[in-house]
Amino acid sequence: MNLLDINYMLELVPILLRYLPLTLGMAAAGMVLALMLSAGLAVIRVLRIPGLNAATMLFISFFRGTPLLVQLFLFYYGLPQVMSFLTTIDGITATIMGLTLHFSAYMAESIRAAIVGVDRSQTEAALSIGMTNGQLMRRIVLPQATRVAVPTLMNYFIDMIKATSLAFTLGVTELMGATQKEASGSFMYFESFVVVACIYWAIVELLAWFQRRLENRFNEAYRR
Amino acid sequence: MLRSFGIIPLLLTGGLVLAGAAQANDQPLKVGMSGSYFPFTYVEKDVLKGYEVDVLRAVAEQMDTNVEFVTASFSGLFGMLESGRIDTIANQITITDEREKKYLFTQPYVYDGAQVVVKRGNEEITGVEDLVGKKVAVNLGSNYEQLLRELPYADEITIRTYDSNIEQDTALGRVDAFVMDRVSASQVIKEKPLPLALAGKPFSELRNALPFRDTQADEALRDEVDAALQALRESGRLSEISQQWFGTDISSL
């Protein structure tokens, strides 16, 4: 008996790859939006802006404290029962929104930690030569914080790519949804899931390679 | 901002709108299905197929409208119906008391029974009465869980709910049996390379139909779809589709 039907797997690859742009597109859109949102949240937390700080902490607490799947169901199926205009949001938009809100809660804390982690002497030195607060942030703190935050933020992006596999529960046929449907038609579960695992893995490896290059660039100034 | 991702909805629409022949004026009939319930709704080489697909295409043709199939995980289908994103679900939805309280059903277009399925060679389980003390898999959100819970010895059955792949886990021996409708269970065993066998006779009659939301507009739509089903039944088309897929007529008693 054949362990794996290689021919079936080879046939499946191009079919599944048609859904890769959607998977990556949702993750990329989610990442861009989450970066913006989380940067804002991190700044609120670092500066402890009154009122907003408490709201941000509640936001982070909720979106970090509940599973992404629960959040997706809540926004896609739950809320529209109360607010019917929400049904105009399609599955793709809802997935991107869910990814954005969920991951920005985590990312805000990473970014905050990176900003806070920049040594106090750096701030003092900058202020001593007469930099304004804006210059201090732009020229001194943020470049150093970015270098620290990049590895964890890349981690979240990788996680986000894989989290798009939940979108099939919202009726979005992405990579995983397409695989499940093909597997149920052929009953070649092992083959199908091996193929899809390899596709995800290859994408993540590609990103890891890109991350190493990015980190090398950021580390140039620190090399001795 | 999302507008720059306009290509993505386009791609998706291409994937979802798998049907729709002649252009009709009114809204298409939006039908939700899992796309992962062989042989009722499944995908082969990126093409959505199955008994449900053929029946709903015939219904739409009869109504002189288009049909748009939306696939989602089974656990998401009723949420889509509730939130108005689809008009009905074609996924062998069994009429139950609870569902009838909430939804309007068309006439049944499949008559079937719940079937216990075991790994081939399992002599211990020869019917539903042997499930005492066993691990039994059912699909999440399906009504087989309810059927099992209504058995007098329900407390002694360990019920596992799955989102998909119950056939696979039974074949692997992770659970002792799964319960599914007889028609698709026999189909699975006949056509797929999994070591499974039917255990005993079906233990409950099932009537499967199309559910609609309980509103005035949806009631009118339900009546239209029901009339189309009736016409297909009388013309013999419904029976014909059933013969093509199952070699027997499952659309009547």
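Q: What makes a residue pair across the interface of chain A and chain B a polar contact, and how many pairs does the rule find?
A: A polar contact is a pair of N or O atoms within 3.5 Å; within protein, one must be able to donate a hydrogen and the other to accept it, and residues adjacent in sequence count only if both atoms are side-chain atoms. The rule finds 14 such residue pairs between chain A and chain B, both at pLDDT 80 or more. This is a predicted model: local features need pLDDT of at least 70, side-chain atom pairs count only at pLDDT 80 or more, and totals for chains, interfaces and linings use all residues. Residues are numbered from 1 along each chain, chains are lettered from A as written, and side-chain values use heavy atoms, without hydrogens and water.

Q: Why is the meeting of E11(A) and K45(B) called a salt bridge?
A: The term needs a side-chain nitrogen of Lys or Arg within 4 Å of a carboxyl oxygen of Asp or Glu. E11(A) and K45(B) meet at 3.1 Å, N to O, so the pair qualifies. The count between chain A and chain B is 2 salt bridges.

Q: What makes up the buried area between chain A and chain B?
A: Buried area is the accessible area (1.4 Å probe) that two parts lose on being put together, summed over both. Here that is about 3,100 Å², with 63% on carbon and sulfur atoms. K181(A), F187(A) and Y189(A) supply 20% of the area that chain A buries against chain B, more than any other three residues.

Q: How many residues does each chain bring to the contact?
A: Contact means heavy atoms within 4.5 Å. Chain A gives 37 residues and chain B gives 36 residues.
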